[in-house]
Amino acid sequence: MNKKILALLIVAVLIIGGYAAFYVFQSLYAIPEDVKVFKDELKSIENAPIPEKDIKELETLANQIENGPSLKIIPKSERTKMANDMRNDPFFTSINSTVDEIKQNVTNNLEIASRYDLLLKGDVANNIRGIYSQKLISLAEDMQKIIEKIPNNFENGDNTALANDLRELARLGREMNTLAAQNKGKLNDIIKSLEG
């Protein structure tokens, strides 16, 4: 037999064997782990990520601030102190880590999607990419920017800007909830595909 043909056969056998080993490993170990992760994520978005009650409270507060007395009647030193308290509040300080966590989650799940491309499960890969997209990161970053502006606008005594911040935060919250609702179906499809 020709040495070139023999070498090609050996390479083909190694490639096929390597792929088969990869496929078996993924099927036995990685896919069951992925199913657990996706089920946990489905549970975490079963209810709206941002309760509608909280969104309505933001809108009510925005109307009260916009139609109420000027924040400038509060002495500047007091507004500064209150704004600093807001900035140091655990909610405000956790925003950056939450956004970083979302970015990391998207990156990790896009890598998982690539793995499913290799496993010839394009429907699963596409659903993963549909859920963990740049849109999710953009929404989280937009919310982060608004939340970071709120103490500044309060400190400046700017009722209109503060009310607009709160309304925009409510709008983004609804958008996040809509995205989560859309993702529930995709997560269910992924889980069914992987369990079936």
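Predicted model: local features only at pLDDT ≥ 70, side-chain atom pairs only at ≥ 80, totals over all residues.
**Exercise 1.** How do helices α3 and α4 pack, and which residues make the contact?

*Solution.* Start with the geometry: two packed helices are described by the angle between their axes and the distance between the axes. For α3 (residues 76–88) and α4 (residues 90–118), the angle is about 45° and the axes lie 4 Å apart. Next, classify that angle: α3 and α4 are therefore oblique to each other. Now list who touches whom: α3 brings in Met86, Arg87 and Asn88, while α4 supplies Pro90, Phe92 and Thr93. Finally, sort these by class, and you get three nonpolar, two polar and one charged residues.

**Exercise 2.** Are the rings of phenylalanine 25 and tyrosine 29 stacked, edge-to-face or tilted?

*Solution.* First, check that they pair at all: the ring centres are 5.4 Å apart, and the cut-off is within 6.5 Å. Then look at the planes: they sit at 35°, so the pair is tilted. The count of aromatic pairs comes to one. For the sequence context, both residues belong to helix α1 (residues 3–44), four residues apart, which means about one helical turn separates them. As for accessibility, phenylalanine 25 is partly exposed at 45% relative accessible area, whereas tyrosine 29 reaches 53% and counts as exposed.

**Exercise 3.** Is glutamine 144 buried or exposed, and which residues does it touch?

*Solution.* Then look for its partners: leaving aside residues up to four places away in sequence, glutamine 144 touches Ile95, Asn96 and Val99.

Note on methods:
Residues numbered from 1 in each chain as written. Heavy atoms only, no water. Axes fitted to C-alpha atoms, helices over the stretch in contact; angles between N-to-C directions. Helix = DSSP H or I, 4+ residues; strand = E, 2+ residues; numbered from the N terminus. Parallel < 35°, antiparallel > 145°, perpendicular 65-115°, else oblique. Contact = heavy atoms within 4.5 Å. Nonpolar A, V, L, I, M, F, W, Y, C, P; charged D, E, K, R; others polar. Phe/Tyr/Trp six-rings, centres within 6.5 Å; stacked < 30°, edge-to-face > 60°. Buried < 20%, exposed > 50% of the residue type's maximum accessible area, 1.4 Å probe, protein only.
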